[in-house]
Amino acid sequence: MNPDDSVPGGVYLCQVSETISCGACCGLYNVADLSFEHLSAMLRYRTEKFSEIPRTMDAILAFKEHIEEKENQHRPVADFHHCPYIGLIGEDFARVGCLLHPLGLGNNGIDFRGLSYHGGLACGMYFCPSHRILSKPYKELLRSSAYNWYSYGLMVGEANSLLEDKVYSPLFE
Ligand code: SF4
Ligand code: SF4
């Protein structure tokens, strides 16, 4: 099956390549210091730490507690959740992704996203406004123009803001 058939709008934006993916709706950028260096170090630590824990409910929830104790919990957007389970995925851990996803390293096909704040259904079914509202050429442009996961996620997040505010209508279908 063409994976694009499974998403609203026909162009998948969340995962693009080994180095390009997005975690904007997981709250990736809702942190006190959103520099590339800080986010990279934060994601690297989480990924390494998560790789060491057993895949039990207690251990996964304890991981969340540990991360939240260790990291600055100031959220620039107070009512927007930041998920402690976003980390690095892929062959070289070169893009952002969900540590609880069934395809995640060590998860053995089990979907642990039900232990997250939003729950497994929301995490698996949510598609941001860019999927539905941006025209296909703009979505293709978005997918092909990013340098890495960091700039890509910022562009997707910015596009979502513009769409929600309806300030840039030429982008719409
Ligand atoms: S903000 Fe949109 S493109 Fe990014 S991960 Fe969420 S649904 Fe996917
Ligand atoms: S559990 Fe949900 S919100 Fe958290 S990283 Fe995974 S997909 Fe994103």
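Modeller: Trp149 is buried, with a relative accessible area of 6%; buried means under 20% relative accessible area, exposed over 50% and partly exposed in between, computed with a 1.4 Å probe on protein chains only. The model is predicted, so local features need pLDDT of at least 70 and side-chain atom pairs count only at pLDDT 80 or more, while totals for chains, interfaces and linings use all residues. Side-chain values use heavy atoms, without hydrogens and water, and residues are numbered from 1 along each chain as its sequence is written.

The structure holds 6 aromatic pairs. Rings of Phe, Tyr and Trp (its six-membered ring) pair if their centres lie within 6.5 Å; planes under 30 degrees apart count as stacked, over 60 as edge-to-face and the rest as tilted. The rings of Phe36 and Trp149 are a tilted pair, because their planes lie at 35 degrees, with the centres 5.6 Å apart. This pair links distant parts of the chain, since Phe36 belongs to helix H1 (residues 36-51) and Trp149 to helix H6 (residues 149-165), 113 residues apart. Helices are DSSP runs of H or I with at least four residues, numbered from the N terminus. Phe36 is partly exposed, at a relative accessible area of 31%.

Trp149 also pairs with Tyr150: the ring centres are 5.8 Å apart and the planes stand at 85 degrees, so this pair is edge-to-face. Tyr150 is buried, with a relative accessible area of 16%. Ring pairs link Phe36, Trp149 and Tyr150 with Tyr29 into a cluster.

Conventions. Chains lettered and ligands numbered in written order. Helix = DSSP H or I, 4+ residues; strand = E, 2+ residues; numbered from the N terminus.
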